[in-house]
Amino acid sequence: METDLQEWRGPGGLAPPPIDLALLEPDLAPNVGAVIRLGACLGLPVHVIEPCGFPFSAAAWRKQALDYAALAEIHRHASWEAFRGATDGRRLLAFTTRAPRPLAQVAFRPGDVLLFGRESAGLPEAAHAAAEERVVIPLRPGARSLNVAMAAAIAAGEAVRQLGGQA
């Protein structure tokens, strides 16, 4: 709706950046809610790739995303294959602790899909293999990983900054 887009643009007149966030088989409902809220606030579509580690229903994500669910664009995929079919032709960036490329070295492009794995297991090999880029958010020595919602916020913030949006 044009009115909503105009409201999002705010005083700078900037449109939402054309990137998406994707969660592959997330384990924790609160993290999904936080990423849905992030997507709603930044104008980024969120893909949830099932199966989830919790019952994922419209009522559940509305509860987790609080009053931001109405602003969110959520795409639900029954499987990895369904997600890949829906995002075919778009560059997939896998965020993983096993990546060779740090976030600061990534040049985001319109159409990118930022993929995040399960809290308990990260991304499976199929996701690593499908990704055009594998990206790590550098952590201090001894730190294992970030919460998936935090990682999504850091990555989305950098992508929005690079693409000229508001974040």
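1. Helices (H or I, at least four residues) and strands (E, at least two) are DSSP runs, numbered from the N terminus.

2. Before going further, please note that this is a predicted model, in which local features need pLDDT of at least 70 and side-chain atom pairs count only at pLDDT 80 or more, while totals for chains, interfaces and linings use all residues. Residues are numbered from 1 along each chain as its sequence is written, and side-chain values use heavy atoms, with hydrogens and water left out.

3. Asn147 caps the N-terminal end, with a side-chain oxygen 2.7 Å from the backbone nitrogen of Ala149. Just after the helix, Gly164 has a positive phi of about 85°.

4. Which residues of α6 are buried? They are Val148, Ala149, Ala151, Ala152, Ala155, Ala156, Glu158, Ala159 and Val160. Buried means under 20% relative accessible area, exposed over 50%, and partly exposed in between (1.4 Å probe, protein chains only). The cover over these buried residues includes β1 (20-24), α2 (29-42), β4 (92-95) and β6 (113-116).

5. Glu158 deserves a look of its own. This residue of α6 counts as buried because its relative accessibility is 18%. Its side chain makes a polar contact of 2.7 Å with that of Arg161; such a contact is a pair of N or O atoms within 3.5 Å, and within protein one must be able to donate a hydrogen and the other to accept it, with residues adjacent in sequence counting only if both atoms are side-chain atoms. Leaving out residues up to four places away in sequence, Glu158 touches Leu103 and Phe108, where contact means heavy atoms within 4.5 Å.

6. Phe108 leads on to the largest nonpolar core: of its 34 residues, Leu21, Phe95, Phe108, Leu114 and Phe116 touch the most other members. β1, α2, β2 (46-49), β4, β6 and α6 each supply at least two residues of this core, and α6 gives the most, with eight. A nonpolar core is a set of buried Ala, Val, Leu, Ile, Met, Phe, Trp, Tyr and Cys residues joined through side-chain atoms within 4.5 Å.

7. Finally, the cysteines. Searching the whole structure finds zero disulfides, a disulfide being a pair of cysteine sulfur atoms within 2.5 Å. Cys41 is partly exposed, at 39% relative accessible area, whereas Cys52 counts as buried at 16%.
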